[in-house]
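Me: I'm new to this one and would like to go through it slowly with you. Can we take it piece by piece?

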Amino acid sequence: MYDATTREVVAPVPDESVAAAATPDPAPPELVVRGLRKTYEAETAPVRALRGVDLTVGRGEFVALMGPSGSGKSTLLHLLAGLDRADEGSVSIAGIRTEELSATRLARLRRRHVGLVFQFFHLIDHMSALENVALAALVAGAKPAEATERARDLLDTLGLLEKAGESPANLSGGQRQRVAIARALANRPTLLLADEPTGALDSDGAAEVHDLFTRMHRVGQTILMVTHSADVAAGAQRIVRMRDGVLLGEIATTGEQR
Amino acid sequence: MGGGGFGAVRAVARAELRTGWRALLLMALVFGLVGGIATGAIALAERTATAYPRLVEAVALDDARVLVAADQPQLAAAVPSLPGVAEVRTDQAWIAQIDGPALRFVSIGAPTTQHDDLVRPVVVAGRMPAREAPDEVLLSESIAADSGLGVGSRITLRMLTLQQVSMFDVGFGPPAGPTTQVTVVGIGRMPTWGGALAAVQAGPAFAAKFLPDIVGYAIYARFAPEPDAAQRFGAAFARTAAVVDQISPSVVAQYVPHSVELPGAAVDPAVRAAEQVLVGGLVVFVIVLGLGGLQVLGQSLLRHHSARRATQRVESALGMDVVERTAARVLAAAGAGVVAGIVGGAVILAAGWLEPLGSQARFEPAPGFRPQWELVIIGGLGIGVVFLMTVAVTAAVAGRAQQPTVTRPRPGGTRLLRRWPAALLGTRLALHGRVGRRGLPAGTTAVAASLAIAGVVAAVALGASLERLVDTPARYGQGADMTIVDAREADVGRLVADPRVAALDVGASGTATLADGTPIETTSREVRKGSLPVALAGGRLPVGHDEVAVGPRAASTLGVNVGDTLDIRRVHGGTSTLRIVGVAVLTSQNNGAVGDGLLVAPTVMRELVPGQPLFDAAVVAAPGAADALYAELAQNLEVFPRQVPDAVRNLGDLVTLPEILALVLAVVAGAGMVHALLTAGRRHAREVAVLSVLGATPGQVRSTLAVMAAATVVPALVVGVPLGLGAARVLWWQLATATGVAGDLAVPWRLLLVVVPAVLAGALLLSLAPAKRAARTPPAVALAGG
């Protein structure tokens with residue numbers, strides 16, 4: 001994660017207040033998923049998106065999640081981030097069981113522990129790059145000056161300071177994704193979830209973003225990334241494969257790309 | 001067409017109808033109602049504008065009328081043979097005092113033979129007097145209303161002799177002619193009454209019975225179809241009358257001038273002015289309502305189609321061109337268009353019940369339901385077609401592929417906004433939304449909302465000003481409860497001593513002449529008791545020898561105001577320079593005109609007005625005593641209750657227009673605002689979901705949508721309220737000046753103090769619905785939809 005005082009990407013620090021309230025284990029993994037199931041109602045027949053997923057991601061680990069379209073990768077990521085509710089199973093982030101949390105506590109957990117990066121960026125067009133990043137800090141309760149400073153430093157680190165006042169519409173795909181990553185890092189999350197972050201980028205943009213994730217992992221950021229790209233996945237420590245809503249297995253990588 | 005064909009158009013139309021029929025139906029109902037009201041107002045304007053000419057046609061109005069004294073029968077006998085005349089009817093005429101609630105003198109006319117083609121009033125109640133019935137009469141509407149008489153009323157007519165008529169100015173004692181009782185069998189309507197046309201019409205039997213007692217002849221003529229018939233007739237009548245006057249002068253010559261009335265030659269300017277005010281008011285109503293309705297429909301449909309822009313993109317990718325996509329949406333809305341047309345047509349049909357507005361109602365030849373089928377059919381079709389055209393245009397605009405607008409976001413607002421993420425995002429979404437992304441430009445919504453609120457405020461303020469005018473007689477110069485005509489000093493002294501009289505002014509009026517030769521009615525008021533309310537549009541009443549107050553319309557006509565001076569010719573030579581110290585609203589005792597003329601101190605009056613002025617006594621009764629006092633005075637004196645001048649009555653009848661306009665605009669604007677706010681959650685679902693992704697709690701999401709609602713409404717209120725008040729002030733000033741009353745606007749502060757927070761509270765309440773929907777929709781679903 002990013003430290004504003006040193007202007008470096010550094011290892012994340014668990015949020016003591018939230019963690020203490022939920023009485024976590026002494027040294028829990030960053031993410032623990034057990035028996036996760038999700039079924040969507042469709043017009044013709046129910047779609048069983050997840051059929052019992054078990055997954056553990058250790059603190060500081062970089063895991064790539066691969067699989068064909070419709071295998072349930074994005075659904076899994078959304079359930080992990082608390083953007084949707086599972087039908088069954090449990091998710092534990094930084095030792096906190098999310099299925100028992102109210103919407104408000106889930107939102108607080110998300111702002112403290114989870115950063116999300118999407119394939120299509122999901123930046124707010126009516127705000128500048130700087131405001132998009134600062135908004136995340138403001139939502140988390142940062143004072144305006146602190147939020148702006150943090151956002152400015154993040155954009156500086158990611159090489160976008162000169163674009164701080166620009167609308168996302170004026171930025172290239174790679175630049176937009178870097179702004180989205182800066183926004184995801186604004187609250188120093190312990191877990192960074194990325195859903196095909198290079199999927200909508202050209203090769204140059206994809207390389208920029210890939211390099212950024214690699215740098216973040218090097219300084220201890222826990223990352224779970226959904227990707228179709230074998231090249232991008234090769235930068236992870238582990239690749240977990242998924243099909244038809246279940247995890248098929250995993251392989252460790254050589255870490256050549258790291 | 002592209003490759004999709006009509007099958008694809010039908011399939012898309014079915015899908016559109018399945019998901020959007022409720023919204024289309026709602027918009028069709030509202031637009032049909034608004035369009036129907038606007039077109040119904042056109043029907044009403046047409047009925048109001050054509051009332052007078054239709055009545056002229058209905059009564060087959062005569063071309064000329066002359067009044068001849070009874071002691072000059074040879075002149076009456078000569079009229080039928082004068083040049084230019086094609087047809088003549090000669091009525092006998094009497095003058096009688098009628099007993100009733102108030103002392104009145106009326107003229108009676110009756111033909112010796114029936115000529116229905118020359119005097120044929122529209123009978124609005126009852127029937128014409130029977131030929132063989134000497135005790136049946138028909139009254140003019142004005143006499144019936146003024147005297148409190150109706151069909152079935154029995155009245156006693158005490159006729160004057162010709163000798164008594166000749167003593168009108170010096171007093172003649174009790175009527176010395178025959179006395180008879182008659183029954184009112186009908187109330188009649190004509191374009192004009194008075195002059196030669198008697199307000200009481202009897203039949204041939206009456207004429208035969210009282211032939212020896214006539215005081216004159218009322219002769220009605222229709223000209224031959226010749227271009228100069230009127231001129232030749234007028235000249236010949238004048239020559240003949242002069243000859244007769246030399247041979248046999250009339251004893252009542254001063255009351256029976258040898259002039260020719262031409263009732264159909266020119267419309268009374270007062271009628272024309274009233275028509276212009278009323279029709280003008282309706283036209284403004286139609287324009288504001290029509291444009292407002294169209295704007296709101298356009299915005300609502302644009303939002304409706306913009307929310308489904310993604311669907312159009314898919315259709316485009318499948319090969320449907322813009323014509324096919326638009327055609328599909330028009331096809332889907334066809335049923336709604338029919339509904340709009342039917343609703344609109346029904347409203348236009350119902351408008352057939354509305355009588356002409358204001359004083360023009362007294363000219364309607366066919367009172368009651370008057371459907372205008374052509375307008376119903378054309379209007380209904382037009383409303384349906386406009387609805388579908390608007391659907392087509394908005395669908396095409398919404399489906400047009402657009403490049404994202406490349407702009408630099410404005411600075412991040414104030415420090416206060418930055419302090420609170422909900423405020424930051426909420427205001428941004430409300431104020432900086434762009435058409436390239438989601439639906440309607442925020443600026444257009446804000447302008448439309450501001451204009452709608454301005455329209456409502458202006459209409460309410462105008463309505464309040466009209467109501468205040470109508471409810472405050474002093475504002476149109478009728479502060480007195482009753483006015484005694486030709487007041488004698490003895491009567492005045494008795495009234496001053498009467499405890500039922502709270503205030504009494506003795507007024508004198510006559511015609512003064514400005515230095516440039518322009519005659520101008522001039523009045524003075526002498527306070528004898530209490531304080532009679534006089535409306536001042538500015539300054540104060542004149543008290544000094546060199547002071548004058550002018551009426552608002554006179555001030556406008558003369559181009560003067562308080563502080564200026566007026567030069568007026570003195571009776572005995574030279575001019576007086578009077579300083580204008582006030583603008584006062586007075587009503588003329590001569591012709592009922594409001595706001596004309598001058599008001600001076602009583603001592604100045606004698607220096608400026610030649611001859612004997614007309615005196616009147618304006619009486620304000622003690623609380624609760626007005627009716628009894630009037631009834632008592634009316635037995636012996638010619639006393640008139642408070643009269644509402646036509647100009648004010650016309651405005652009074654317009655009171656409902658701004659009220660309806662305000663109501664309809666409020667409904668239309670409210671519907672647009674409700675639609676905008678309720679769909680805000682859907683239009684900004686992605687941004688709200690992003691906020692949730694960043695960790696915003698449900699409370700923060702609710703706050704964001706509440707701020708967005710407030711940021712939509714507050715600028716509209718901040719701009720719309722003063723804009724509406726400003727527009728109302730200008731409009732009212734012009735209307736008031738034209739009418740002759742004070743031009744200060746009645747600002748409905750209490751209403752505004754309630755409405756402004758109510759609108760804000762309503763917007764915040766409305767924001768709860770999209771907030772609830774946003775809370776129910778998982779961010780993952782919202783992001784996938786975006």
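Me: At roughly what angle do the axes of helix α6 and helix α7 of chain A cross?
Reply: This is a predicted model, in which local features need pLDDT of at least 70, side-chain atom pairs count only at pLDDT 80 or more, and totals for chains, interfaces and linings use all residues. Residues are numbered from 1 along each chain as its sequence is written, while chains are lettered from A and ligands numbered from 1 in the order in which they are written. The axes of α6 (residues 173–185) and α7 (residues 203–218) of chain A cross at roughly 25 degrees and come within 8 Å, where axes are lines fitted to C-alpha atoms, for helices over the stretch in contact, and angles run from 0 to 180 degrees between N-to-C directions. Helices (H or I, at least four residues) and strands (E, at least two) are DSSP runs, numbered from the N terminus.

Me: Are α6(A) and α7(A) roughly parallel or oblique, then?
Reply: They are therefore roughly parallel to each other, given that angles under 35 degrees count as roughly parallel, over 145 as roughly antiparallel, 65 to 115 as roughly perpendicular and the rest as oblique.

Me: Which residues make that contact?
Reply: From α6(A) come A:G173, A:G174, A:Q177, A:R178 and A:I181, and from α7(A) come A:D204, A:G205, A:E208, A:V209 and A:L212, with contact meaning that the C-beta atoms of two residues, placed from the backbone, lie within 7 Å.

Me: How about α4 and α5 of chain A, at what angle do they pack?
Reply: Helix α4 (residues 129–139) and helix α5 (residues 144–157) of chain A pack at about 130 degrees, with their axes 8 Å apart, and that makes α4(A) oblique to α5(A). Among the residues that meet there are A:L130 and A:V133 in α4(A) and A:A147 and A:L154 in α5(A).

Me: Switching to strands, what order do they take in the open sheet of chain A?
Reply: Four strands form it in the order β4-β3-β6-β7, with antiparallel pairing; two strands pair if DSSP finds at least two bridges between them. Since β4 (47–57) and β7 (96–97) of chain A stand at the edges, each has a single partner strand, so one side of each is left without a neighbour in the sheet.

Me: How many bridges join β3(A) to β4(A)?
Reply: Eight bridges join strand β3 (residues 31–40) of chain A to β4(A), and A:Y40 stands opposite A:V47 in β4(A). Helix α2 (residues 73–80) of chain A lies across β3, β4 and β6 (88–93), running at about 120 degrees to β3(A).

Me: And in chain B, which strands does β12(B) join?
Reply: Strand β12 (residues 501–513) of chain B runs antiparallel to strand β19 (residues 614–621) of chain B, with eight bridges between them, and ten bridges join β12(B) to strand β13 (residues 519–529) of chain B. β12(B) and β13(B) form a hairpin with five residues between them, and B:G517 in the turn has a positive phi of about 95 degrees.

Me: What is the mean pLDDT of chain A?
Reply: The mean for chain A is 83, with 87% of its residues at 70 or more, pLDDT being the predictor's confidence in each residue, from 0 to 100. Over residues 1–25 of chain A the pLDDT stays under 50. Where pLDDT is low, the predicted coordinates should not be read in detail.

Me: And what does chain B average?
Reply: Chain B averages 84, and 91% of the residues score at least 70.
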